[in-house]
Amino acid sequence: MSLDESTTAWALAARNGDRAAVDRFVRALHRDVRRYVAHLCGDPQAVDDLAQDTFLRALGSLHRFEGRSSARAWLLSIARRAVIDSYRYAAARPRLSDVPDWQLAVENAQPQDLPGFDDGIALLDLLAALPQERREAFVLTQLVGLPYAEAARVSDCPVGTVRSRVARARASLMDLLDEAEESVPLAA
């Protein structure tokens with residue numbers, strides 16, 4: 001049984017009151033939700049809150065899940081809405097800060113000297129350069145590992161559109177990598 005089949009079965013069992021199935025469902029999909037939310041929101045401090053919000057929303061509406069799509073696709077579409085809602089909330093209620101140099105405070109709060117940290121930052125920078133639709137399609141299919149049909153359901157667009165967005169994202173990323181490699185010798 002594949003991961004999607006297992007998680008869908010657990011979601012359906014959880015819908016019917018199986019507490020162990022709820023635990024298995026959350027544990028199986030927590031990493032995918034965090035990864036997807038991290039790439040959508042771009043705010044490392046908000047990832048855990050958005051992942052938790054996603055699961056709270058999903059568990060609250062589990063009684064409506066009918067299994068017509070995989071539980072992972074259903075959950076990632078909820079995650080997408082949670083991120084969008086967080087943007088709307090942030091736009092409506094900007095945060096105030098009494099720090100004189102907020103940019104320096106943010107830079108100092110970021111983790112550094114972690115294995116793979118620089119590569120992760122480079123990937124995030126490259127992904128951030130992509131248009132939102134291409135970035136979302138790329139993250140869903142290439143990083144989260146959703147099949148194109150499931151990514152289309154999450155993104156609420158046709159499968160062909162997802163395929164096109166992923167192909168264009170790959171081409172853009174390759175161009176960006178080529179540009180970065182060409183500029184390194186100049187800087188050295």
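Q: Where is the place of Ser77?
A: Helices here are DSSP runs of H or I with at least four residues, numbered from the N terminus (strands are E runs of at least two). By that scheme, Ser77 belongs to helix α4 (residues 71-92).

A quick note on ground rules: this is a predicted model, where local features need pLDDT of at least 70, side-chain atom pairs count only at pLDDT 80 or more, and totals for chains, interfaces and linings use all residues. Residues are numbered from 1 along each chain as its sequence is written, and side-chain values use heavy atoms, leaving out hydrogens and water.

Q: Is Ser77 buried or exposed?
A: Buried means under 20% relative accessible area, exposed means over 50%, and partly exposed is in between (1.4 Å probe, protein chains only). With a relative accessible area of 12%, Ser77 is therefore buried.

Q: How many aromatic pairs does a search of the whole structure find?
A: Rings of Phe, Tyr and Trp (its six-membered ring) pair if their centres lie within 6.5 Å; planes under 30 degrees apart are stacked, over 60 edge-to-face, the rest tilted. Phe25 and Phe55 make an edge-to-face pair, 6.5 Å centre to centre with 80° between the planes. Phe65 and Trp74 make a tilted one, at 4.8 Å and 40°. The search total is 2.

Q: Why does the pair of Phe25 and Phe55 tie together parts that are apart in sequence?
A: Phe25 is buried at 0% relative accessibility, and Phe55 is buried at 6%. The pair ties together parts 30 residues apart because Phe25 lies in helix α2 (residues 19-41) and Phe55 in helix α3 (residues 47-60).

Q: Which residue meets Arg57 in a salt bridge at 2.9 Å, N to O?
A: A salt bridge needs a side-chain nitrogen of Lys or Arg within 4 Å of a carboxyl oxygen of Asp or Glu. The partner at 2.9 Å is Asp85.

Q: How many disulfides does the count come to?
A: The rule wants a pair of cysteine sulfur atoms within 2.5 Å. Cys41 is buried at 12%, and Cys157 is buried at 16%. The disulfide count is 0.
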